[in-house]
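Here are a few notes to read with the structure open beside you. Take the points in order and find each element as you go.

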Amino acid sequence: MKALIAYGTRYGSTTDIANKMGEILTEEGIDVKIVNLAEEKINDVSNYDLIIIGSSIKIGSWTKKSLEFLERFESDLSKKKTAFFVSCLDANDPKKCKEARENYLEKVAKKYPSIRPYKLGLFGGVIDMKKYGFGTKLMVKALSKNLEKQGIDINKSNDFRNWEEIQNWTKELLI
């Protein structure tokens with residue numbers, strides 16, 4: 001079996017998730033190719049049995065390259081076993097998980113109805129002010145009161161990715 005993990009990231013959190021998925025699938029005997037869509041263009045997906053498409057979420061949106069990938073290969077992906085995942089801070093807040101799943105996964109899946117993803121994964125992200133540009137820093141600071149109520153200090157690096165959840169989700173793709 002051959003798998004492709006194609007993803008978009010803004011600050012690297014999604015890269016780490018894609019790499020972890022790749023490690024897990026490789027350990028299961030799967031031949032895996034991992035592609036950061038901002039760095040490498042994919043011309044053909046016909047050789048893959050499983051295609052996992054992921055994105056970070058910023059201001060409620062997938063990365064441009066991830067959406068372009070879905071648009072470009074919609075017809076091909078409709079004939080493949082596919083899965084979508086996103087990395088976002090809303091996954092950390094139990095009150096926002098349902099809405100995040102609807103907005104960032106189900107809504108995107110409905111936009112490309114012929115693809116019919118097998119699984120949808122909503123995973124936490126990372127807050128790291130050192131990596132952000134001015135605009136993102138302003139956005140995070142605007143959210144800081146809500147984050148502080150959750151006990152989150154935005155001046156420290158905060159990793160909300162649940163690696164066990166990511167591992168289990170990835171292994172379930174092989175069932």
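This is a predicted model: local features need pLDDT of at least 70, side-chain atom pairs count only at pLDDT 80 or more; totals for chains, interfaces and linings use all residues.

1. Five strands make up an open sheet, ordered β2-β1-β3-β4-β5, and they pair in parallel. As a bit of background, strands of a sheet pair through backbone hydrogen bonds, either parallel or antiparallel.

2. Now look at the edges. Which strands stand there? They are β2 (31-36) and β5 (119-123): each has a single partner strand, so one side of each is left without a neighbour in the sheet. From one strand to the next, the twist averages 15°.

3. Next, pick out one pair. β1 (residues 2-8) runs parallel to β3 (residues 50-56), and six bridges join the two. If you want a spot to check, find Gly8, which sits opposite Ser55 in β3.

4. Helix α1 (residues 13-27) packs on it and touches β1, β2, β3, β4 (81-87) and β5. The direction of α1 makes about 175° with that of β1. Helix α4 (residues 97-111) lies across β4 and β5, at about 135° to β5.

5. Where does α5 bend? The bend is at Leu143, by about 50°. Thr136, Val140, Ser144 and Leu147 are buried in α5, and the buried residues of this helix pack against β6 (126-127). Just after α5 comes Gly151, with a positive phi of about 80°.

Technical notes:
Residues are numbered from 1 along each chain as its sequence is written. Side-chain values use heavy atoms; hydrogens and water are left out. The bend at a residue is the angle between axes fitted to the seven residues ending there and the seven starting there. Helices (H or I, at least four residues) and strands (E, at least two) are DSSP runs, numbered from the N terminus. Buried means under 20% relative accessible area, exposed over 50%, partly exposed in between (1.4 Å probe, protein chains only). Contact means heavy atoms within 4.5 Å. Two strands pair if DSSP finds at least two bridges between them. Axes are lines fitted to C-alpha atoms, for helices over the stretch in contact, and angles run from 0 to 180 degrees between N-to-C directions.
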